[in-house]
Amino acid sequence: MVNTPDKQLIELFRKNGRQDAIDELMRRHLSRVRSTVFQMVHNDSEADDVTQEVFLRAIRGVETFDCRAEFSTWLYRVTMNTTYSYLKRRSRSPVDFHSELNDPTTSADSSPDRAVLQAELSTEVETAVASLSPTLRGAVVLVCLQGFSPAEAADIEGCSADTIHWRIHEGRRKLKRLLKEHLS
Amino acid sequence: MNENLPDDRLDNMLRDWAEERTVSSEHLDNLQDRIVEAIGDENLSSDRTVATSRRQVATSAVSRPEPPYTRRPISLRRVSLVSRLVGVTLLALLAFIWSAQLADYGHSTGQLADDERAEIPDYARLSESQLRERMIVLSEMKGVFGKQLHWLAETDSRFEVGLRDGSSASDESLSSGDALEIAVRVIVEERSSSRDEWRRAWSVDVISQSEEVVELAAKDADQSTMTMWAYVLPDGMVAIDSELSFSENGNPGTTEKAAPFRAAFSNVQKDRQSSEELLNGANGVEYRVFQTVAILNKKVG
């Protein structure tokens with residue numbers, strides 16, 4: 001089972017009802033799906049909930065998976081669509097439009113404690129990533145963090161590779177502006 | 001073509017953050033158990049064999065591939081051109097030309113699907129007559145600015161022309177003959193509560209070329225900003241990414257104060273189709289944003 005390709009596992013589940021095939025698929029992809037979701041929503045509890053929804057949706061829709069396509073592309077398309085839907089629902093709950101990013105020039109603690117500084121930097125990076133629009137964030141997460149090529153990310157997002165290139169460029173430009181104190 | 005070179009320092013910083021926020025294998029084990037349980041609860045496997053536990057599956061590290069930093073030949077040139085855009089406020093004469101057409105709100109004959117007609121107000125649509133008028137204005141502006149012309153935009157109080165500087169004017173300008181030109185109307189409305197009437201907080205009409213970035217920059221701290229990028233997909237749909245913001249006093253063209261607003265949207269829309277987004281803001285203020293797109297030189301005229 002461990003060496004069985006994804007598509008064969010799908011067939012085992014479809015034709016023979018092999019739940020262990022689903023377990024194996026989940027074992028292979030859970031970590032990456034969950035980290036993708038977290039990098040989009042920035043909250044551990046919410047990331048767990050959305051990840052669960054991703055796999056439930058995938059299993060509900062597994063009959064629609066076209067085995068000529070890559071399973072991972074299909075799964076990450078489900079992942080991104082589920083995440084965007086979640087972010088859309090979340091955006092409709094009251095938010096504070098006054099909230100702004102911490103000023104990186106003033107928020108850094110003068111303490112020499114490296115761990116503290118690293119934690120603060122991590123928070124600033126997270127805040128900067130969170131400030132990107134969902135689609136810019138999605139492109140940055142898929143390509144820069146999850147290692148998909150722009151063409152693969154385009155397939156996942158259902159747009160052109162040019163669109164992904166532009167989104168990455170814009171995402172990086174905004175992140176560099178927000179994190180310039182740490183990049184100089 | 002596009003170019004998107006990696007930025008090692010930024011990307012390393014992002015990866016450090018991602019690594020730091022990676023959850024433990026125990027956390028993942030618990031999450032997988034939870035998902036298996038949820039699958040059982042849904043009875044998704046009622047006709048399947050009994051679900052196995054994740055622990056019955058041999059474990060192996062789930063590897064994260066290294067980012068394949070592609071070094072494609074590019075479109076950074078295009079993006080760099082954007083950074084050199086010069087926003088020019090035109091004379092009242094130009095504003096008058098377009099504003100006269102904006103007065104056409106409410107008389108649209110937009111070609112929307114029947115199920116949308118009840119949802120989208122007429123003034124949010126772009127009618128055939130408005131599109132024809134925009135093409136006339138565009139043609140006139142091309143005559144004035146030639147290849148420097150990049151985009152046209154009108155908010156409630158401003159008419160702006162985006163120009164490239166002379167050295168960067170190229171075939172990518174709006175005056176190039178074969179590129180697809182896109183008109184986009186964005187209208188933001190707000191109300192203090194669901195019992196109140198919607199009132200227009202901001203609007204803009206933009207003409208740009210496919211894949212060009214339009215940046216309406218604030219001229220001072222109180223004015224609105226918009227960044228928009230539209231792209232005609234091979235199937236004729238139009239992908240639009242846009243970000244809007246305005247501050248408390250920053251609704252040009254309106255005398256009333258509005259609540260601060262900031263939002264980002266990404267839609268894929270049909271030609272002549274309108275979309276609607278509903279948002280909740282601070283202090284109970286509700287927003288709705290209409291966005292209509294039309295390809296000017298494909299079906300119009």
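Predicted model: local features only at pLDDT ≥ 70, side-chain atom pairs only at ≥ 80, totals over all residues.
**Entry 1: two helices of chain A**

I looked up how helix H2 of chain A, residues 19–41, lies against helix H3 of chain A, residues 44–60. Their axes are 9 Å apart, and the packing angle is about 135°. That angle makes H2(A) oblique to H3(A). I noted the hand of the crossing of H2(A) and H3(A) as right-handed.

Next I listed the residues that meet. On the H2(A) side they are Ile22(A), Met26(A), His29(A), Leu30(A), Val33(A), Arg34(A), Val37(A), Phe38(A) and Val41(A). On the H3(A) side I found Asp44(A), Glu46(A), Ala47(A), Asp48(A), Val50(A), Thr51(A), Val54(A), Phe55(A) and Ile59(A). I sorted the residues of this contact of H2(A) with H3(A) by type: twelve are nonpolar, two are polar and four are charged.

**Entry 2: a ring pair between chains**

I then turned to the aromatic rings. A pair of such rings is described by how far apart the centres are and by the angle of the planes. The count over all chains is six aromatic pairs.

I took up the pair of Phe38(A) and Trp17(B). Are Phe38(A) and Trp17(B) buried or exposed? I found both Phe38(A) and Trp17(B) buried. Phe38(A) was already on my list for the contact of H2(A) with H3(A).

**Entry 3: a ring pair within chain A**

Phe71(A) and Trp74(A) also form an aromatic pair. I wrote down 5.8 Å from centre to centre and 40° between the planes, and this pair is tilted. Both residues are in helix H4 of chain A, residues 71–91. About one helical turn separates Phe71(A) from Trp74(A), because they are three residues apart in that helix. Phe71(A) and Trp74(A) are both buried. Which residues form one aromatic cluster here? I found Phe65(A), Phe71(A) and Trp74(A) in it.

**Entry 4: chain B as a whole**

Last, I looked up totals for chain B. I noted seven helices and eleven strands in chain B. The chain has 301 residues, of which 51% count as buried. I also checked the contacts in chain B between residues at least 6 apart in sequence: 62% of them join residues at least 24 apart.

How values were computed: Residues numbered from 1 in each chain as written. Chains lettered and ligands numbered in written order. Heavy atoms only, no water. Axes fitted to C-alpha atoms, helices over the stretch in contact; angles between N-to-C directions. Helix = DSSP H or I, 4+ residues; strand = E, 2+ residues; numbered from the N terminus. Parallel < 35°, antiparallel > 145°, perpendicular 65-115°, else oblique. Left-handed = near helix turned anticlockwise from the far one by under 90°. Contact = heavy atoms within 4.5 Å. Nonpolar A, V, L, I, M, F, W, Y, C, P; charged D, E, K, R; others polar. Phe/Tyr/Trp six-rings, centres within 6.5 Å; stacked < 30°, edge-to-face > 60°. Buried < 20%, exposed > 50% of the residue type's maximum accessible area, 1.4 Å probe, protein only.
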